[in-house]
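Here is a short briefing to read alongside the model. Take it topic by topic, with the viewer open.

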Amino acid sequence: MSTDIKITPEIVAEHGLSEDEYKTIKKRLGRTPNINELGLFSVMWSEHCSYKSSRRHLKKLLTEGDKVIQGPGENAGVIDIGDGDAIVFKMESHNHPSYIEPYQGAATGVGGIMRDVFTMGARPIALMNALRFGEPDHPKTKTLVAGVVHGIGGYGNCVGVPTVGGETNFHSGYNGNILVNAMCVGLARQDKVFYSAAKGVGNPIFYVGSKTGRDGIHGATMASAEFDDDSDEKRPTVQVGDPFTEKLLIEACMELMATDAIIAIQDMGAAGLTSSSIEMADKGGVGVEMNLDMVPQRSSGMTPYEMMLSESQERMLMVLKPGKEQLAYDIFNKWDLDVAEVGRTTKTGRLVLTHKGETVCDIPIAPLGDDAPNLDRPYTAPPKLKPLEHNEMQDPDKRGSSYNSALKAILSSPDICSKRWIWEQYDRTVMGDTVDSSQSGGDAAIVRIHGTNKAVAISTDCTPRYCAADPFEGGKQAVAETWRNLTCTGAVPIAITDCLNFGNPERPEIMGQFVYAIEGMDEACRALDYPVVSGNVSLYNETNGVAIPPTPAIGGVGLISDLNKFQTIEGAKEGDSLILIGNTQGWLGASLYARIILGFGKDGTPDHAPPPVDLEMEKKNGDYVRRLIRDRRVNAVHDLSDGGLAVAAVEMAFASGLGFKLMNRSENPDHAWLFGEDQGRYLLAVEENSVNPVISTAHNLGLTAIMVGTVGGDRLSAESGFDIALSDAHMVYENWLPDFMAS
Amino acid sequence: MKSAVIVFPASNCDRDAQTALAKITGRDPLMVWHEETELPQVDFVVIPGGFSYGDYLRSGAIAARSPIVQDIVKKAKNGLPVAGFCNGFQILTESGLLPGALMRNKGLKFVCRPQKLKIANSDSMFTKAYGDETDVTYPIAHFDGNYYADDATISQLEKSGRVLFRYVDNPNGSMKDIAGICNEAGNVLGMMPHPERAVDPLHGGTDGIKLFKSVLESFR
């Protein structure tokens, strides 16, 4: 594409720019943009880069707190974990590419999120993911699961960062748009955190990493539109990853970061060289001049347009202190990476690009940010659904089935069943600090800070069933559930990252889901003093007009300051008592039981209101559980979520290898007692002599705590409910996913 | 005992090995960059897991031809104790120090799990500290761990007691459940499981400690 292409309305439309947006560009330039300039505006003002539909709503979120060093707006969020250490973390989506090309899409999603973290000076220490696939019967599901899991493992395993946890759901709402959300957690010293503001004039700009090729051009624009039947044709816009280069890039960057050479650094993610150079210049209030002839190129004859819009992976842009150029060359050469000085910062406030002696772009930088569209899209309030009242025909026995069958059906359901087939493909133990991971079936991963006695707990959560039924309550619940999961380890929850996956924001009902989910999240963040420090928005997850269920995936991070006092789902002992903390009403609306056994919402349409979260009780219950862990009062902890008390008790039994006897300690019918999904609840295994103190202290604090059973034997039995051998239950739990993948 | 860990560009268990050696030998190992042509004076060398040069071509194939590995081969033939874990095992078979090859796992998937093993021979410089103890669990994490050798080699290994570790519930299709072998002289060990990730009660257990203790005792 040469610079003298005539800009027609068709070309403007192909670039996803509206007529108004194009008018603004012409006004600010005082002339018609050339094709390169149009391309730059197009990607910078895409939904993906500009957050034009979401920005005004994201602003509402709590982003500040005692432990927040850097909130949203940088490559990743940064929190204080004491002793001069900082945790840097973020979650990001790679949904559209993963649907089109599952292996590369997922792999580069992992690569991209790691770069966001090590760009800030943090060595990645843990990876997590949150995956949503279509219903198992959908013809694409199996291939997508296999490809995505292979891609995540292929990248993370090679770079040598443990993939320690995650969640996987299957739902018909994701048939046409799967979600691949990857999270990375890194460790830095607080005085060695790097930012992206390019301060100072006349400083050299360095390009390091892989060469620039023609892959991924317009990836950001693809992620800003919905799919149709021809979406497979977008394969060329998917990037190709190379984890070996990423590993080299991490080590080389870490080595340069140990010196004082770097002023600013930014990875080349969506919109590649364009967004990295513009964001660095914009934040630093400077201009940038780059000579594109200096950019390392994979193919010959690349045009400025292609170079600026390429999304080739494993690349970084840095502004160095003058005089440090040789140091950078030496380090990156040592690691066999490309390194080139491609330009300088200037005082003009303009982005000036030259190519073969010609100026091919000369635009002011400020308007790209200042004038970026900030839309107030119309939205409608999501309809409120009624609760599901108890009635006797919900009882499995009365339905002509049995509690044993119901339990087995739930344990072998795609959402609950063991995800061993997935996590065994991820190296969870590399780096030598994984204290707990997916392997235990617990609530949160625990990763030690190397060489210390402290650890971070990490959890990713979202319950799309709840979000679809009530985006506000669902958003609230997703935040609260990560907080609860971190609490189960004894960690003090500190902050979250969010990955907000929604449909087409141009539809008022979808925009309504988005707005209400954010408001729900925010309510939880404020009540739990649990701010958002980083995140990502993925809209247009929609195919032929059918949107995904609203899916605000939350990644929470907490601190275990003393590894002599933490807890997991493992460790219940023969003769222990099971204590339930929290109120039980037997809430069945939008529960897994309602979906699997009663058949509600099977077609993806929600029928009943999800369980509300009482945030005040949430906080009190969680604070109490943490105190019990600190006082070493409990042998095992698990939160109650999908499948309620029954599934929580069964999962705890799988982790300890011991059975249990449960009793119904409520006024509710057995099925509601066992499978209801009331929020803010924990199941504890405590030694017999701790039962009274644990319950009486809870009562003194105004909390509900009741003994609900005992641990022991090899059967899973519930009073007037199920009674099956632990080994039988374990078999159906373990077998579903491998059987499905082999079928 | 002075030890060294070889660092290839995409080694990723180099720190795991470093941590284990420092903890058990009481001395920090030397970290030796792959471009070095000569190994420093040490008593024991670990070739760590990872993907060495990205594992292009075949796992460990390029690394086996690197300058530092040439020097390791020379010194190992003169009796220097060498252990290769995971990718290190692949490099040792590619270099010819150990027989056989590691093919793609039978299930065609990467597999990471705590792996039960039987110590098949505790009369070796790498296993003697285990004494009568035969059941250990080390983490595994590999894609290409399916051990293969021709029948003559297998029977040679079996007869001379060079199979040191066997899998319980073979995870990858290895012949005769072979998880780890040594060379004829007994100074070179290659194994797919990660004993260096099993030296800490909070992470992977402590079953790997005695492997390093065995080597250490040889230098007392």
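A residue counts as buried if 20 or more other C-beta atoms lie within 10 Å of its own, as exposed if 12 or fewer do, and as partly exposed in between, with C-beta atoms placed from the backbone. This is a predicted model, in which local features need pLDDT of at least 70 and side-chain atom pairs count only at pLDDT 80 or more, while totals for chains, interfaces and linings use all residues. Residues are numbered from 1 along each chain as its sequence is written, and chains are lettered from A and ligands numbered from 1 in the order in which they are written. Helices (H or I, at least four residues) and strands (E, at least two) are DSSP runs numbered from the N terminus.

- Most residues other than glycine have a negative phi.
- B:Leu108 is not a glycine, yet its phi is positive, at about 60°.
- B:Leu108 sits in the loop between strand E5 (101-103) and strand E6 (111-119) of chain B, and it counts as exposed because it has 10 C-beta neighbours inside 10 Å.
- In chain A, A:Asn544 also has a positive phi, of about 50°, although it is not a glycine.
- A:Asn544 belongs to the loop between strand E19 (542-543) and strand E20 (546-547) of chain A; with 10 other C-beta atoms within 10 Å, A:Asn544 is exposed.

**Where chain A meets chain B**

- Chain A gives 23 residues to the contact and chain B gives 21 residues (two residues are in contact if their C-beta atoms, placed from the backbone, lie within 7 Å).
- On the side of chain A that touches chain B, the elements giving two or more residues are helix H8 (141-159), helix H10 (243-257) and strand E14 (434-436) of chain A.
- H8(A) supplies the largest share of that side, four residues.
- By class, that side of chain A has 10 nonpolar, seven polar and six charged residues. Here Ala, Val, Leu, Ile, Met, Phe, Trp, Tyr, Cys and Pro count as nonpolar, Asp, Glu, Lys and Arg as charged, and the others, Gly among them, as polar.

- Strand E2 (residues 77-80) and strand E3 (residues 85-93) of chain A run antiparallel and are joined by four bridges; A:Gly77 has A:Phe89 in E3(A) as its bridge partner.

**A seven-stranded sheet in chain A**

- The order E8-E10-E7-E11-E9-E12-E13 describes an open sheet of seven strands in chain A, again with mixed pairing.
- Its edge strands, each pairing on one side only, are strand E8 (262-267) and strand E13 (358-364) of chain A.
- Strand E7 (residues 204-209) and strand E11 (residues 338-346) of chain A pair in the antiparallel sense over six bridges, with A:Glu341 in E11(A) as the bridge partner of A:Phe206.

**Around strand E17 of chain A**

- Strand E17 (residues 492-501) of chain A is mostly covered, with nine of its 10 residues buried.
- E17(A) runs antiparallel to strand E21 (residues 551-560) of chain A, and nine bridges join them; E17(A) runs parallel to strand E18 (residues 532-538) of chain A, with six bridges.
- A:Leu500 has A:Pro552 as its bridge partner in E21(A) and stands opposite A:Val537 in E18(A).

**Core and a buried helix residue**

- The largest nonpolar core has 309 residues, of which A:Ile458 and A:Ala649 touch the most other members. Such a core is a set of buried Ala, Val, Leu, Ile, Met, Phe, Trp, Tyr and Cys residues joined through C-beta atoms within 7 Å.
- Helix H19 (residues 508-528) of chain A gives the largest share of this core, 11 residues.
- A:Val43 lies in helix H3 (residues 35-44) of chain A and is buried, with 28 other C-beta atoms within 10 Å.

Conventions:
Two strands pair if DSSP finds at least two bridges between them.
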